[in-house]
Amino acid sequence: MPRSIVKSSRRLRSDLTRLLGDAPLVGDERQEDYDAFYQAIVSTTSQPDVINKLYLKDFVDLSWQIRRERLILADMIKLFQKRIVLRLLKETRSPSDQPPGISTAIFRIFGADSEAQSWLSDPVARKKIDANLNARGYSPSNILAQAYLEGATEIDAVEQRIASYEIRRLMALREIERRNEKSARQLKKSTAYLIEGELGAFKEAAE
C-alpha cells in the first residue's frame, strides 16, 4: 500500500479518536473497565460507519453513566439503612442486653457504631441484628422504608440523573435505529445484559 495512503489512514483514525472524545471516567473508574464495557456493547453490532460511531459512543457513554448512577444509588441506600440501624440500636438497647460492666451509655457512644458497621459488612451479624430489631418491632422492610424517607432528597436526585441519562440514551438509540434497525436491536440486548446484571447490588440493598 502506498505510504501516503497509510499515513492518511492513520491520520483518519487519529482524527476519529479525537472526535469521539475521552471516556467519561470519574473517581476510581478505570480505562480498561470502560474499554471492556465499550467492546462488549459495540462488538455485537454490524460494522458502523463514522456517523454511527458517534451515536454509538454517545450510547455507550450514557450506558456507562447509568451503570455508575445505579451503583451509587445502591450504596447510598445501604448507607441510609445503616444510619437507621445505628439509631435504632441506640434507642432500643436495654440494660439487660449489655455485657457485664458495659453501661447502656457506653454502648451508645462506642458499641452501637461498631454493630451498625457489622450490620452493613457482615451477613452473619446482619442476620442477628435484624432478628433483634425485628423482635422490637422494626422489620427489615421497615428499616428500608425509613432509609428511603431519610434519604429522599439524595435518592431522588440520583434517580433524576438516571432518568435524564435514559432519555438521552433513547434518543441516541433512535438515531442508530433510523440508520440500522438490526444494530439497534443488538444494542438493546447487549446493554440490558450488562447493566441489568449489575442490578444485583441494587436488589441486595433493598432486601
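Hi everyone, one term before we start: a residue is buried if its relative accessible area is under 20%, exposed if over 50%, and partly exposed in between, using a 1.4 Å probe and protein chains only. By that cut-off, 34% of the 207 residues of this chain are buried.

Please keep in mind that this is a predicted model, where local features need pLDDT of at least 70, side-chain atom pairs count only at pLDDT 80 or more, and totals for chains, interfaces and linings use all residues. Numbering runs from 1 along each chain as its sequence is written, and side-chain values use heavy atoms, without hydrogens or water.

Now, the overall picture. The chain has nine helices and zero strands, where helices are DSSP runs of H or I with at least four residues, strands are E runs of at least two, and numbering starts at the N terminus.

Next, a helix pair. Helix α3, residues 50-92, packs against helix α7, residues 152-179, at about 160 degrees, with the axes 9 Å apart. Those axes are lines fitted to C-alpha atoms over the stretch in contact, and angles run from 0 to 180 degrees between N-to-C directions. Angles over 145 degrees count as roughly antiparallel, so α3 and α7 are roughly antiparallel to each other.

Finally, let's look at one residue, Asp130. Where is Asp130 placed? Asp130 sits in helix α5, residues 123-135. Is Asp130 buried or exposed? Asp130 has 15% relative accessibility, so it counts as buried. Beyond neighbours within four places in sequence, Asp130 is in contact (heavy atoms within 4.5 Å) with Trp119 and Pro140.

Conventions
Parallel < 35°, antiparallel > 145°, perpendicular 65-115°, else oblique.
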